[in-house]
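The following exercises concern the surface and the overall form of one protein chain. Please work through each task before reading its solution.

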Amino acid sequence: MSKGIPNPEKDFSGWYKQVVTRAELADYGPVKGTMVIRPYGFQLWENIKNIFDHMIKESGHTNAYFPLLIPKSFFAQEAKHIEGFAKECAVVTHTRLKADEEKGIIVDPESRLEEELIIRPTSETVVWSMYKKWIQSYRDLPILINQWVNVVRWEMRTRLFLRTTEFLWQEGHTAHATEEEAQKETLDILELYRQLAEDYLAIPVFTGLKTESEKFAGAEKTYCIEAMMRDKRALQAGTSHNLGQNFAKAFGVTFQTEHNQEEFVWATSWGVSTRLIGAVILAHGDKKGLRIPPRIAPVQVVIVPIIRDNDQRSDVQKYLEPIINGFAETGVRYHIDWTDNSPGFKFNEWEMKGVPLRMEVGPRDMAEGNVILARRDMDKKISFSCENVNEKIPTILEKIQQSLYAQALAFRNENIHTTNSYDELKQIINEGGFVRCGWDGLDKTETAVKEETKATIRCIPFDEQPKDLTCVYSGKPAKHEVIYAKAY
RNA sequence: CGGAGCGUGGCGCAGUCCGGUAGCGCACUGCAAUGGGGUUGCAGGGGUCGCAGGUUCAAAUCCUGUCGCUCCGACCA
């Protein structure tokens, strides 16, 4: 076990906090609930961001930017939507500070704004206020816009990456001429989220539909990807909403069809946030610290030279030259740790930081024409000939990627259970795990289960088989098969 | 906002009950050796004890007030 970090089996949240700060992913900001994303953490975010940005551009979306400040009046226009956010909006009321002899710097009471401004908790309202200007005819549709921005939600309880007052995300906002097209967009994006999670973050996810109580306020339907963390709790890792005509109606956004009919525009919105980093930490981390999947790792290979003096140092340097040149060609992200910490210290340090592959190079290896490789996903060191290490490494990185996914999937499979007994559900939830079972489709059932067990319906999975199922709570015929779990 | 706990060098803590002018581990700086799983030795630097009052000859310690943070609940991506 790594020195100084709590055992994740015993103190998962202590482990999480330590790992995030000690691996230098992030640090606490001065304002409660805010977070500084440090360079190592930000590189991870940039890698995730670049992958998804590429995906949406491939599928015809473009980036834009909408303002941070939103007039308060915009929120009155979509009552359902604001219900969901009213309790967590930061409001700008003044525009100036001034020096006060007694109190130091104070808010200038004379600078009070006539109309207060809301710092965006999400941007549907501003976006749709603009879409009203931009959309007249079916020829203006679809609009497929995304933005990478920060948003602020005044949360009561915060945790680095998982829930912070301010966080970074992408929010897509699309406008369509038909309901079918909007629905297709919603699901297409969800599929991209699934790919992002599974193929890049190496996290298996359930895709499905949120229940009424869990859906986004203002949406017709909310779809999600849900993942299992190593403490067997669920994490919602991304959502995609079919907004129907709700926002178009709130903002009066209509268009003329090919047949010269006036109709309201159909909308979607979808987002993934820096929470994904929390997901990576919580899904893959182990007692030594982080384990970052190679495809998103800021550093894929860390090289630890084993040297005694300057002569050996330059020997290693020369020895590494062709390897490093090879990395440049294959695009492997590497780092050589020349600090004079002891090798053992470096091993632990880089394991904590989750680097997928470590290469050790010392006198013994140079004599044999080898390097030592140690994979972060397993507890083994292997000697490799220097000759073919350049071809091998991308393959090994790919194997690590697959192995992290396989481990996460195996873990999820071990900890998901099907049952039609409520007692059993309570026991499983209590011990930790997901429960797949029938649900009668009633709000009050969901609420009752939540109150009694703290578990919520994470989603109605696309592959549900409700036939012949009964509701785990009421015993009535099931309307849906659902997944219950305690969630972050 | 309810319940609990904590504020003492950068981090983690002891000291507080029973007042006497601040200490430990890690980290940091320098030198030397060491170097294949958190390496030693020696020598250093750094704290108005969260803040504001009060009691006292004397306050990290006692009293009052205040601010902040963490954890558990209600809310949430």
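**Exercise 1.** Determine which residues form the negative surface patch.

*Solution.* Step 1: apply the patch rule, by which members have over 30% relative accessible area and no salt bridge, with like charges joined within 9 Å and nonpolar side chains (Val, Leu, Ile, Met, Phe, Trp, Tyr) within 5 Å. Step 2: the negative patch consists of Glu179, Glu180, Glu181 and Glu220. Step 3: Glu179 belongs to helix 6, residues 179–200, and is partly exposed at 43% relative accessible area. Buried means under 20%, exposed over 50%, and partly exposed in between (1.4 Å probe, protein chains only).

The model is predicted: local features need pLDDT of at least 70, side-chain atom pairs count only at pLDDT 80 or more, and totals for chains, interfaces and linings use all residues. Residues are numbered from 1 along each chain as its sequence is written, chains are lettered from A and ligands numbered from 1 in the order written, and side-chain values use heavy atoms, without hydrogens and water.

**Exercise 2.** Locate Tyr65 and describe the nonpolar patch to which Tyr65 belongs.

*Solution.* Step 1: Tyr65 sits in the loop between strand 3 (62–63) and strand 4 (69–71). Step 2: Tyr65 is exposed, with a relative accessible area of 53%. Step 3: together with Leu68 and Leu69, Tyr65 forms a nonpolar surface patch of about 280 Å² accessible area.

**Exercise 3.** State what fraction of chain A is buried and the box that its C-alpha atoms fill.

*Solution.* Step 1: of the 488 residues in chain A, 54% are buried. Step 2: along the principal axes, the C-alpha atoms fill a box of roughly 80 × 70 × 60 Å.

Technical notes. Areas by Shrake-Rupley, 256 points an atom, 1.4 Å probe, with all protein chains shown as cover. Salt bridge = Lys/Arg side-chain N within 4 Å of Asp/Glu carboxyl O. Lys, Arg positive; Asp, Glu negative; His and termini not counted. Charge placed at Lys NZ, Arg CZ, Asp CG, Glu CD. Helix = DSSP H or I, 4+ residues; strand = E, 2+ residues; numbered from the N terminus.
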